Amino acid sequence: MKTGLSIAFAILSASSALAEPLVFESTEAPATLVELFSSEGCSSCPPAEAWVSALKARPDLWKSVVPVVFHVDYWDNLGWPDRFASRAFTERQRGYASAWRTDSVYTPGFVANGLEWRGWFDRGSLPAPKPGNVGKLRVTMRDRGHLEIVFVPAGFVPKSAHVEVALLGGELASDVKRGENGGRRLVHDFVALHLVNASLASEENRLAATLSLPEKTVAVPNALAAWITTGDGHTPIQATGGWLK
């Protein structure tokens, strides 16, 4: 059930108009964007989500690795409707499957830098992004959820690029009553509560965009993740993020 709680700007300060802007900035080296497609209705998903939750302990979190957990809705009619599930997130996973020329979607399903990653099942290491510098991505969050996005490429400026920004929730508990996880208490981290995107405009040696976050999400977010894509839109070239409090 949706709670209708205010988004991040409501928790940043008792007086958002007086709050200092939050700035999230990458290094010039590319970060690894890790996406997990999951569901509260899938009994195989809690171990995968626990693995993602453990990324909180990494000292290079948000700099070298940026995690996002998308809950899909194709489990919802099998006994337990997932309050974090979204048809848009399901379509995102299907978009990847189409790009990979497969009709198969499944949970838990990992994507690393736009490519299917099955290494988690074998306890493998995350694939590293391509070596070299790609440029800095900076996200400035001002009061009332206003975002300013600036990407300064290390080399040539792409003719077109997009930015995606996800509000993430953490330590969100669900007491599952039915379905494959019936009777279990599940706790989620880095779970996507809302996803917005915008085209970046070229400004001399940089790309920039502004966008606004929604006033309500299914739960109070505690983090933000952002990434830049070019070309087919499936391969991120840079990512960053951070905690909202």
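The legends below describe close-up views of one predicted model. Residues are numbered from 1 along each chain as its sequence is written, and side-chain values use heavy atoms, with hydrogens and water left out. Because the model is predicted, local features need pLDDT of at least 70 and side-chain atom pairs count only at pLDDT 80 or more, while totals for chains, interfaces and linings use all residues.

**View 1. The largest nonpolar core has 34 residues.** A nonpolar core is a set of buried Ala, Val, Leu, Ile, Met, Phe, Trp, Tyr and Cys residues joined through side-chain atoms within 4.5 Å. Buried means under 20% relative accessible area, exposed means over 50%, and partly exposed is in between (1.4 Å probe, protein chains only). Trp62, Val68, Phe110, Leu168 and Trp227 touch the most other members of this core. At least two core residues come from each of strand 3 (32–38), helix 2 (45–53), strand 4 (65–71), helix 3 (87–99), strand 5 (109–112), strand 9 (162–169) and strand 16 (223–230). The most, five residues, come from strand 4. Helices (H or I, at least four residues) and strands (E, at least two) are DSSP runs, numbered from the N terminus. Another core, of 22 residues, lies apart from the largest one and includes Phe24, Leu167, Val196 and Leu224.

**View 2. Strand 9 pairs with strand 12 and with strand 16.** Two strands pair if DSSP finds at least two bridges between them. Strand 9 and strand 12 (residues 191–199) are antiparallel and share eight bridges; here valine 163 has alanine 198 of strand 12 as its bridge partner. Strand 9 and strand 16 also run antiparallel, joined by seven bridges, and leucine 168 is opposite alanine 223 in strand 16. Seven of the eight residues in strand 9 are buried.

**View 3. Threonine 217 sits in strand 15 (residues 216–217).** Threonine 217 has a relative accessible area of 8%, so it counts as buried. A polar atom of its side chain lies 2.6 Å from the backbone oxygen of alanine 219.

**View 4. Glutamate 204 is found in the loop between strand 13 (201–203) and strand 14 (206–212).** Its relative accessible area is 78%, so glutamate 204 counts as exposed. Valine 157 is 47 residues from glutamate 204 in sequence, but their C-alpha atoms are 8.6 Å apart in space.

**View 5. The largest cavity has a volume of about 70 Å³.** On a 1 Å grid over the protein atoms alone, a cavity is a set of points where a 1.4 Å probe fits but cannot get out; lining residues have an atom within 4 Å of a point. Grid points are joined across faces, edges and corners, and a volume is the space filled by probe spheres set on the points. Two cavities of 30 Å³ or more are counted. Among the residues lining the largest cavity are Phe37, Gln93, Trp100, Tyr106 and Glu116. Helix 3 and strand 5 each give two or more residues to this lining, and strand 5 has the largest share, three residues.

**View 6. The largest pocket holds about 350 Å³ of space.** A pocket is an open set of grid points with protein on both sides within 12 Å along at least five of seven lines. Of its 17 lining residues, Asn113, Pro129, Lys130, Thr235 and Pro236 lie nearest the centre. Strand 17 (residues 235–243) supplies the largest share of the lining, three residues.

Notes:
Polar contact = N/O pair within 3.5 Å; in protein donor to acceptor, adjacent residues only side chain to side chain.
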